[in-house]
Amino acid sequence: MSAASPGTEPATSVSIEGGDDAVVSGGKRVLLAKPRGYCAGVDRAVITVEKVLEMYGPPVYVRKEIVHNRHVVDTLRERGVIFVDEASEVPEGGLVVFSAHGVSPAVRAEAEQRNLRTIDATCPLVTKVHKEVNRFARDDYDIMLIGHAGHEEVEGTSGEAPDRVQLVDTPEDVDKVAVRDPSKVVWLSQTTLSVDETMERVDQLRERFPEISDPPSDDICYATSNRQVAVKAMAAECDLVLVVGSGNSSNSQRLVEVALQAGARDSHLVDFAHEVDEAWLDGVETVGVTSGASVPDVLVMELLEWLAERGWTDVQEVTTANEKISFALPRELRSSGESARSSVR
Ligand code: SF4
């Protein structure tokens with residue numbers, strides 16, 4: 001994995017800001033990770049749905065959750081979005097938005113058969129992995145896709161070449177995969193995995209297939225790896241790390257695991273501040289706070305307020321990188337003028 005992700009300026013050193021003027025209650029302090037929260041792919045997907053609502057009016061159909069965050073999904077649902085599991089649930093001739101996690105060619109074909117108008121909010125970094133699958137399948141490689149079984153992104157990516165892709169999730173999966181020619185094997189990955197765990201899986205694969213090829217560029221995206229670097233930088237100092245994110249958000253779940261592996265005494269995932277169990281705070285001085293790539297920062301601010309009410313008023317931001325990346329909207333929406341930021345934030 002590369003040290004600096006594209007579109008990211010690495011902080012020259014880990015910088016800790018704030019807290020000097022704060023009223024500190026006992027040894028209580030909050031370390032707030034930066035970068036955290038919305039990535040460019042999520043922002044683009046949410047803006048896409050907002051633009052479609054604006055241009056066509058409700059109801060707007062979205063296949064699967066546009067991004068894996070309860071607050072975002074509930075807010076868009078209130079504005080007139082109907083989330084469906086399959087294109088077959090959209091009325092014939094209707095308009096459907098594909099989510100940020102991507103879809104397989106079979107889903108596109110079904111939408112076409114039903115004469116649906118489609119707008120694709122797939123993150124360009126997921127599309128990049130789809131293209132890699134197609135390229136290696138064309139060159140007749142067996143493709144080991146490291147990822148989580150059942151995740152929508154993995155279903156879409158492997159659907160590009162189902163007879164060439166084998167999913168590697170657990171260490172046991174490494175023993176199960178079978179290849180036709182050990183000199184024509186490549187590994188690719190889901191974009192939102194733990195960087196360290198993925199490299200463990202790659203090492204296991206390389207033991208079985210010493211000639212296995214690496215992806216042309218990192219598949220784990222800049223946002224996933226940057227958020228893991230930031231949480232790692234502060235975890236060892238934290239008695240508790242609270243990650244704001246939803247249970248079905250892969251990159252948010254990974255932040256809890258990375259925090260614990262990097263030395264945090266305890267870590268939990270919460271959708272909202274009110275889900276924090278006060279018992280988690282027993283004997284805690286330093287609380288780390290971060291959020292997954294699909295999480296609006298308003299939810300982090302609410303958590304900081306909740307902590308401040310309980311004496312954690314000293315908030316220090318721990319910065320490991322500054323992200324500059326943004327993606328153009330889907331072609332169909334560009335002429336309407338792009339919002340700089342989505343309003344669900
Ligand atoms: S987490 Fe990464 S791959 Fe997923 S939407 Fe964000 S930038 Fe794209």
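How many bridges join strand β3 to strand β5 (residues 95-98)? In this predicted model, three bridges join the two strands, which run parallel.

View 1. Toward β5, Arg63 stands opposite Phe98, while strand β4 (residues 81-84) is joined to β3 by four bridges and runs parallel to it. Tyr61 has Ile82 of β4 as its bridge partner, and the chain passes from β3 through helix α2 (residues 70-78) to β4 in a right-handed β-α-β crossover.

**View 2. The shell around the ligand.** The ligand takes up the space of the largest cavity, and the residues that surround it include Cys39, Cys123, Cys221, Tyr222 and Ala293. Of the residues in this shell, seven are nonpolar and three are polar, and none is charged.

**View 3. Two cis peptide bonds.** Lys34 and Pro35 are joined by a cis peptide bond with omega of about 5°, and Pro35 lies in the loop between β2 and α1. Another cis peptide bond, with omega of about -5°, joins Pro58 and Pro59, of which Pro59 is found in the loop between α1 and β3.

View 4. Lys64, in the loop between β3 and α2, has a phi near 65° and is buried, with a relative accessible area of 13%. Asp140, in the loop between α4 and β7, has a positive phi of about 65° although it is not a glycine, and is partly exposed, with a relative accessible area of 37%.

Terms used: Residues are numbered from 1 along each chain as its sequence is written. This is a predicted model: local features need pLDDT of at least 70, side-chain atom pairs count only at pLDDT 80 or more; totals for chains, interfaces and linings use all residues. Side-chain values use heavy atoms; hydrogens and water are left out. Two strands pair if DSSP finds at least two bridges between them. A crossover is right-handed if, with the strands pointing away from the viewer, the path from the first strand over the helix to the second runs clockwise. A residue is near a molecule or strand if one of its heavy atoms lies within 4 Å of it. On a 1 Å grid over the protein atoms alone, a cavity is a set of points where a 1.4 Å probe fits but cannot get out, and a pocket is an open set with protein on both sides within 12 Å along at least five of seven lines; lining residues have an atom within 4 Å of a point. A molecule sits in a cavity or pocket if more than half of its atoms lie within 2 Å of its grid points. Ala, Val, Leu, Ile, Met, Phe, Trp, Tyr, Cys and Pro count as nonpolar, Asp, Glu, Lys and Arg as charged, and the others, Gly among them, as polar. Buried means under 20% relative accessible area, exposed over 50%, partly exposed in between (1.4 Å probe, protein chains only).
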